[in-house]
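This report describes the sequence and structure shown below.

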Amino acid sequence: MLTIKNLQKSFKNADGEVSHIINIAEFSIAENYQLAVSGRSGSGKSTFLNLVSGIISSDSGSIQFNDVNISSLSESKRDAFRSKNIGYIFQTFNLLQAFTAIENVMLGMMFSKKFAGNNDRKKAEALLNKVGLAKKTNNKPSELSVGEQQRVAIARAVANSPKLILADEPTANLDVKNGELAIDLIKNICKENKISLLLVSHEADIINRFDNKISFEEINKVVN
Amino acid sequence: MSLFKIVWKSIKQRSLASVLTMFSIMLGVALVVSILILKQESQDAFSQTATGYEIIVGPKGSSLQLTLNTIYQIGVPIQNMPYDTYTKLKDDKRVKLAIPYVLGDNFKNHRLIGTVPEVFTDFSYQKDKKYQLKDGKFFTKDFEAVIGNETALKTGLKVGDTFIGSHGVESYEGSEGMFEHAEFKFTVTGILEKTFTPIDKVVFTSMNSVWEIHHHEAEEKYKERNDTTHREMEKSITAILISLKSPVYFDLLRRQINENKFEGINAQAVIPTFEIKQLFDIIGNINSILIIIAYLVVFVAVISILVSIYNSMNERKRDIAIMRSLGARKNTILNIILIEGFIVSFIGGLFGIIVSHVLIFLFRDTISNTAGIQISGTLFNIFEFYILAGTVALGLIVTLIPALKAYNTDVASNLAPVS
C-alpha cells in the first residue's frame, strides 16, 4: 500500500548549514499492517511521518500510496489526499480547544467531504462511543482527562475511514496505564477497520506491544 | 459542521475582542448613517416647508435673510413695507392667495405674527396641508391669539389663558418684563396641531393687534415729549407669502416686482425653494466635513478588525496547523479568516444602521423640537446599503493581511509539541 523509495529531506539551520534528516532507500507497508518504529528523540521520526502524510514535501524520492505518488502532488492536492486517506495521532493530541469532543471528530470529516450532514454526527457519536466517551461527546478538551483527550484524537483519526493511520509518539504525554490503554485502542480500532498503522515512539515498552517493529535508524541512513 | 461554525467558534473564543471590534464598527457606521439620515430628512423637511406657496415678497435687501426670517423664523426682519404692497398683490388677478406677516413682538421668544384669518382657512403651509386646531378656535377679534403646538408646550399656555407680548422678535437674558406692552393682553383662543415646521414655535394674531401695540407705544413716546399731534396708526407689513393661480405667472410676477415694474410696489420677490437650495449649498460644505470625519471613524473602526485578527494569529497558529493536518486546504484557512472579517464587519455595520435608526427614532421629538422639522428615522435609504457594503468590503480588504498570514502558516513546526 505504501512504498517509499530514495526519500531525502534536509533543512537549513539558522547558520545556513544544511542538515540531512531523512535518507530512506526503501520502505513499505502493506494493507492492514501494523508497524512500530522505534527511535531516539530528534532522529527525524516526526519529519518522516510529515513526509508520508504530505504535510511537508521531500527533496527527492517517491512516496507511493497505492496508485498515487504523494511526493509529486501539489500542496493543495496533498492536503486533499491526506484528508481522505490518512489519519494522524499526535503526541500532544492537538485537539481544538474551542470545539467539543464530537466537533473535533467531525472536523476531520468536514475537510475530507467524505461524509455530510447528519451522517457526520452519527458516525462521530459511534466513534466516541467506541472509544468509551459516549457521555462526554459535548465536553471540551479542557473538561477531559489527558487519556480521554487522546481517545478523542484516536476517534478523530479514524473518522474519515483512512487507509493509513500515522501515530507520532501517541503515549508520550500519558502515564503508563493510559499509554497501554491508548496503544491497545489504536491497534484494535485499526484492526477492526482494516486500517494500516505506522507508529513511531522512543518508548521501548510501547514498541514491544507490537508484533512488527523496526528501528528508525535501520531504515533512515543519514550521512551528515 | 461548516466553515461558518468554525468561524463562529473562533469569534466566540475571542468574544471580548470580537465584540469590541464589532462595537467600534457599529459606532462608526451609526455616526455616518445618522449624519446622512439627518441631512437627508432635514433637507426634505426644509424643502417641504416652503412648498405650499411659490413666492415670498419682502422689503429689498438680503433674499436669504427674508427667506430665513419668513419661513424658519430665524434672524431679524429686513425692514417693513407699506400695507398697500399687500393689498395691491392681493388684488392682482394672477394671485390666488396672499398672506401677510407682520412681525415685531414676541412672547417668551415665541414670535408674534400678525396676519389674516385666511392663514387658517385658505392657506396651505405645505402641499395640501392646512393648519389644524388641536384645541379651541381660530382668532376672530384683535388681541386673540392662536398658538403653535410647541409654543403651548414650552409656555404652558392653554385656551383661555392671557399673556402680554414683549417688544422685538426675540427676548434676551435679563430683558424679561423690560419691554412688555402691559396694556395689551392677548387671549389664547386656539392651539394648533403639530406641523413639524417652525410655525409650531409662533403665535398668530391679527395684524391690527400688532399695529395697535406699536401705535400705542409710539404715542406714549410722543406724549413724553409733550407732542399731542394726532397721528394715524402706521400700517406696515414684514412679508407676504404668495400663492399663484397658475405657474405661468410665476416668473413674470417675480421679475415685475424685482425690476420695480409693478406699479406702487418697492420690494423684492424671492423663490423660497431656490433660497433653501442655496442655503443647503452653504450647509453642505459643513456637512461634507462631518461626513468625512464620520468616514474616518468607520475606517479606523475597520482597521480594528485587522488589529484584532492579526493579534490573534500567534495564538491561532496551532489551531490552523491542526486543521491543515486534518486536510484543510490553504484556501480553506484563508476563507475561514476572511469569513471572520466579513461577519465582524457585517454585524458591526448592520447594528450601526439599526442603532442609528433607533436613536433617531427615540430622539425624534427632541430633534423636531430643536430644529423645527419632522424627522422620523424610520425610512431606510439606499445609501445605507452602500455604507454597509463598503464597510464589509473594507473589512474584507484589511482581513486579507491576517488571512494571508494564516494561509502561509507553517504546519509542521506548529504541530510540534510545545517545549
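## Nonpolar cores

A nonpolar core is a set of buried Ala, Val, Leu, Ile, Met, Phe, Trp, Tyr and Cys residues joined through C-beta atoms within 7 Å. The model examined here is predicted. Its largest nonpolar core has 101 residues, and Val105(A) and Ile165(A) have the most contacts inside it. The element that gives the most to this core is α9(B), with 10 residues.

With neighbours within four places in sequence left aside, the contacts of Ile165(A) are Gly87(A), Ile89(A), Ala157(A), Val158(A), Cys190(A), Ile195(A) and Leu197(A).

## The parallel sheet of chain A

In chain A, five strands form an open sheet with parallel pairing, in the order β6-β7-β8-β3-β9. From one strand to the next, the twist averages 15°.

The pairings can be followed across the sheet. Strands β6(A) and β7(A) pair in the parallel sense over four bridges, and Ile89(A) stands opposite Ala167(A) in β7(A). Between β7(A) and β8(A) there are five bridges, again in the parallel sense; here Leu166(A) has Leu198(A) in β8(A) as its bridge partner. Strand β3 (residues 34–38) of chain A and strand β8 (residues 196–201) of chain A are likewise paired in the parallel sense over five bridges. In this pairing, Leu35(A) has Leu198(A) in β8(A) as its bridge partner.

Helix α1(A) lies across β3, β6, β7 and β8 of chain A, and runs at about 155° to β7(A).

## The antiparallel sheet of chain A

Chain A also has an open sheet of four strands with antiparallel pairing, in the order β2-β1-β4-β5. Its edge strands, β2 (18–29) and β5 (68–69) of chain A, each pair on one side only. Strand β1 (residues 2–12) of chain A pairs with β4(A) in the antiparallel sense over five bridges. Lys5(A) stands opposite Ser62(A) in β4(A).

## Helix α2 and its surroundings

Helix α2 (residues 75–85) of chain A has Arg78(A), Asp79(A), Arg82(A), Ser83(A) and Asn85(A) as its buried residues. Within chain A, the buried residues of α2(A) pack against α1 (45–53), β4 (60–65), β6 (86–89), α3 (101–112) and β7 (164–168); they also pack against α9 (272–325) of chain B.

## Contact between the chains

Across the two chains, 26 residues of chain A are in contact with 20 residues of chain B. On the side of chain A that touches chain B, the elements giving two or more residues are α1, α2 and α3 of chain A. The largest share, seven residues, comes from α3(A). By class, this side of chain A has 12 nonpolar, nine polar and five charged residues.

## Chain B as a whole

Chain B has 13 helices and 12 strands. Its radius of gyration is 31 Å, well over the 22 Å that the globule rule gives for 419 residues, so chain B is more spread out than a compact globule. The C-alpha trace of chain B spans about 110 × 45 × 35 Å along its principal axes.

Of the 419 residues in chain B, 41% are buried. Among contacts in chain B between residues at least 6 apart in sequence, 80% join residues at least 24 apart.

## The site of Val222(A)

Val222(A) is placed in the segment after α8 (216–219) of chain A. With 16 other C-beta atoms within 10 Å, Val222(A) is partly exposed. Not counting residues up to four places away in sequence, Val222(A) touches His20(A), Ile21(A) and Asn23(A). Val222(A) and Ile63(A) are 159 residues apart in sequence, and 18 Å apart in space, C-alpha to C-alpha.

Terms used:
Residues are numbered from 1 along each chain as its sequence is written. Chains are lettered from A and ligands numbered from 1 in the order in which they are written. This is a predicted model: local features need pLDDT of at least 70, side-chain atom pairs count only at pLDDT 80 or more; totals for chains, interfaces and linings use all residues. A residue is buried if 20 or more other C-beta atoms lie within 10 Å of its own, exposed if 12 or fewer, and partly exposed in between; C-beta atoms are placed from the backbone. Two residues are in contact if their C-beta atoms, placed from the backbone, lie within 7 Å. Two strands pair if DSSP finds at least two bridges between them. Axes are lines fitted to C-alpha atoms, for helices over the stretch in contact, and angles run from 0 to 180 degrees between N-to-C directions. Ala, Val, Leu, Ile, Met, Phe, Trp, Tyr, Cys and Pro count as nonpolar, Asp, Glu, Lys and Arg as charged, and the others, Gly among them, as polar. The radius of gyration is taken over C-alpha atoms; the globule rule is 2.2 Å times the number of residues to the power 0.38.
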